[in-house]
Amino acid sequence: MTPQWFGRSAARRRGGADLVVVGAGVVGAASAYFASLAGLRVVVVERGAIAGGTSSAGEGNLLVSDKEAGPELDLALYSQRVWREDLAEHAALWEFEAKGGLVVAASEPSVAALRELGDHQRRHGVEVRDVAREELRDYEPHLSPELAGAAFYPQDAQVQPMLVVAHLLRLARGLGTEVRTGTEVTGFLRDGERVTGVRTTGGDIPAGAVLNAAGTWAGAVAGLAGVRVPVLPRRGFILVTQPMPPRTVRHKVYAAEYVGDVASSDAALQTSPVVEGTDSGTILIGASRERVGFDRTVSVEAISALAAKAIALFPMLREVRAMRTYLGFRPYCPDHLPVIGPDPRAPGLWHACGHEGAGIGLSTGTGKLVAQALTGRAPDLDLKPFAPDRFPDTEPDTEEVPQ
Amino acid sequence: MARTHDVAVVGAGPAGLAAAVEAAEAGLDVALVDGAAQPGGQYWRHYDERHARPDDRDGHHGWPVFTGLRERLRAERSAGRVRYLPGRQVYLVTRDEAGAFTLRTTASLGEPEADAAGEVTARTLILCTGGYDRQLPVPGWDLPGVMTAGGVQALLKGHRVLAGRRAVVAGTGPFLLPVATGLARAGASVEAVAEANGTLGWLRDPVGAASVPGKAVEAAQYAALMARHRIPYRTRTVVTRILGQDRVEAVRISRVDRDGRPAGPVKEIAADLVALGWGFTPSLELALMLGADTRKDVDGSLVVAVDGFQRSSVEGVYVAGEATGVGGAVLATQEGRLSALALARSLGRPAVPGRMGRLRAAIGRGRRFAAAMHRTYAVPSAWTEWLEERTLVCRCEEVSYGDLRRAHDDLGAHDPRTLKMLARPGMGWCQGRVCGFATAGIAACLNRRETTAEDLRPLSTRSLAAPVTLGELAALDRSRDAQDDQ
């Protein structure tokens, strides 16, 4: 099937794999699934447990609404098709819900900006419905009457991301993939420049190719191969409320300023409310963003701001109790685009990482594209904007490192 | 700006009361935060003091110790050395750059209020957060009429309420005896005490009797009470199933072998109340929030690791009482006193010679006794064999044993944290307080190994130590208000 695919039979002969995937998060799981579907023998190595990093620290957003035209929107729209078509039969396993996103604006100027963004997105394949002030409560009965208008994005959807990871890995195992948890990559096997496998705490694994899907920790994995991939952590908190009656909050509801925060590179704390219900009845309130390294202490400032802004959208939330808060580290690159594709600086090494806060949504498209490229086919989407060597090799990281 | 106390004591049970009183008497400025409306904790829980009756002290041990501590607390409060905040639960503890701790509290009784009245700042902490009944799931345990042994006791002591008429008390440990005799004294017919382990109590425990002689007297008193009320005490016996349509109607009990495997005749007993207790689970939320080191204790619970002066691994954080290992009220009181004296000394207050040494010796004996008790009244290793596919493990989220098994077998959830993420045990209202120990045990059992501290830790850790309204959280960051006002 794949004559141009290098090293495959050789690595298999040596008791190894066609592909070693480093990281059992959502991107690693999706890549393993599509690669095994394409006929590759895959081994997934994970130093912790499955879905143990950022994949278990988000809301499970599949958003197109927060993206402006460009490579990320293209990847988001492509991933939408993968979620809804390639993976349609499994949707219920991971609580896929095409609930739609409602982006609300507090003032007339902000509504105008929202309309402008909507027009622009429509031209690039996003479905957008303008929602007038008086229609707001038809969408969300508990919304504050103070709001000025909104835009509704029917393509926005939600999944339970840990279940996505677990089931994609289960399906991949059914196709011959082996998942080794508690196994940390300590280095790479090399044949000259070429990467020919990984060294792990559980022994060497020869491989035709190695995919770095280590998320927020992908920079360190790349470093083991001597290449620079500037993936850095951006901390986010989410508040979880007590279980509420079904459909208390019906869509993903967020404030218009969220789009600006996502694209921002500011290190300081930013919070824009994203409020949504879940199958289990809890309401999730995200999402703060700040660059503080891997600091896991609860930030009073962040959770307080999240609560205040969620109440501004839904005044009824004031009396609702938060049961817990959790935090995660989004893997982001300086240009806010993921890193996907082969690394010319270390042939045999591939990357699929740096998806920032959109990794759940973008994972399936990423996995399918990687599998296509790995098996020598032309990927459905041009991977050039995501090229691993697009960053200067020598640029110091100082600006990206928190104080 | 609120004052910064020398120490904030969390919890006003045996350990916390002793710690607060000792610290104040040593000259420290103390804040005492407690979830209940009046001091005493679970152990000395009693009816509203404003409507006290002489028989409220019946069934209480060490009541004069409590009233003594309460008197001293009153004196220290009037002298302005203790700020006492009852009815407040700490939901968050943080530490600022200068090293001072801030406790954020929410009303545990009455209406929540969004102000800073419940905020406490202190240079050091003594955490005396106690524990609560450890539960193991069993088919039918979610029927109305099934309660924790401690819950039954709390209704009796705190509210003068008898939870049923025909009771079966089951589980393991000496705590089953005061619950059974308390029920009998209040007029219930106690049909059986089912003790999973083989001994007849403290009297036959040579280590126990030798370490703490007073306990032997206590045991003899219970034995006499059990006999007087004609309560059958069945050892090596467990409740394997609780029967009933809409509420408890009967229990099925079975003789078991040393590991807890059903190994003998099965008997049904009619009952409308089942009180279950499998020892206690310490409340570690605040200690874990601060990053204190923990360990697995002899009884299988996660506890805070402390040194010989009750110091945790976190600078300035002392821990006393059940949170350092379940050992009962006498030991807790001693630990509370020691922590306060050690803290006072570290803050430069003069120490009374010999006092700490005597306390440390007593605590050493108490710990040895507790360890012997834990070994005698262990949770049977084969307890998961009582479970059926449909038995609920997590009642908040209605997660069954079968759900957990499938998450393990099909989805690769090999550790409790992954099990929690994929099957949701511990994700509901109680945040794993009830099912955490069981979930860790099931995860270990599915992987054919013993539970470890690493299994227990994610199920004991809670990002918020108590549910709190979003309105209260929103009011936390006053610097943001200042910005908004500009």
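**Entry 1: chain A against chain B**

I looked for salt bridges between chain A and chain B and counted zero, a salt bridge being a side-chain nitrogen of Lys or Arg within 4 Å of a carboxyl oxygen of Asp or Glu. The model is predicted, so I kept to its limits: local features need pLDDT of at least 70, side-chain atom pairs count only at pLDDT 80 or more, and totals for chains, interfaces and linings use all residues. Side-chain values use heavy atoms, without hydrogens and water, residues are numbered from 1 along each chain as its sequence is written, and chains are lettered from A and ligands numbered from 1 in the order in which they are written.

I then counted polar contacts between chain A and chain B and found 13 residue pairs, both residues at pLDDT 80 or more. A polar contact is a pair of N or O atoms within 3.5 Å; within protein, one must be able to donate a hydrogen and the other to accept it, and residues adjacent in sequence count only if both atoms are side-chain atoms.

On the chain A side, I noted that helix H6 (161-174), strand S12 (232-241), helix H9 (300-313) and strand S16 (321-332) each supply at least two residues. Helices (H or I, at least four residues) and strands (E, at least two) are DSSP runs, numbered from the N terminus. H9(A) gives the most, with eight residues. By class I listed 20 nonpolar, nine polar and seven charged residues on this side. Ala, Val, Leu, Ile, Met, Phe, Trp, Tyr, Cys and Pro count as nonpolar, Asp, Glu, Lys and Arg as charged, and the others, Gly among them, as polar.

The contact (heavy atoms within 4.5 Å) takes 36 residues from chain A and 34 from chain B. I noted a buried area of about 3000 Å², with 63% on carbon and sulfur atoms; buried area is the accessible area (1.4 Å probe) that two parts lose on being put together, summed over both. In chain A, Arg321(A), Met323(A) and Arg324(A) lose the most area to chain B, together 21% of what that side buries.

**Entry 2: a sheet with strands from both chains**

I followed S16(A) and found that it pairs with strand S22 (residues 468-469) of chain B, antiparallel, over two bridges. Two strands pair if DSSP finds at least two bridges between them. Ala322(A) has Val468(B) as its bridge partner in S22(B).

I traced the open sheet through nine strands, S5(A)-S6(A)-S4(A)-S13(A)-S14(A)-S15(A)-S12(A)-S16(A)-S22(B), with mixed pairing. Its edge strands are S5 (129-132) of chain A and S22 of chain B, each pairing on one side only.

**Entry 3: domains of chain A**

I read the division of chain A as domain 1 (8-57 + 162-229 + 335-390) and domain 2 (101-154 + 232-332); the bounds come from an automatic or database domain assignment. Their C-alpha centres are 31 Å apart. I noted about 1000 Å² buried between the two domains of chain A, 64% of it from carbon and sulfur atoms. Thr216(A), His336(A) and Glu356(A) lose the most area on the domain 1 side, together 55% of what that side buries.

I found two salt bridges across this interface. I also looked up the salt bridge between the side chains of Arg289(A) and Glu356(A), at 3.6 Å, N to O.
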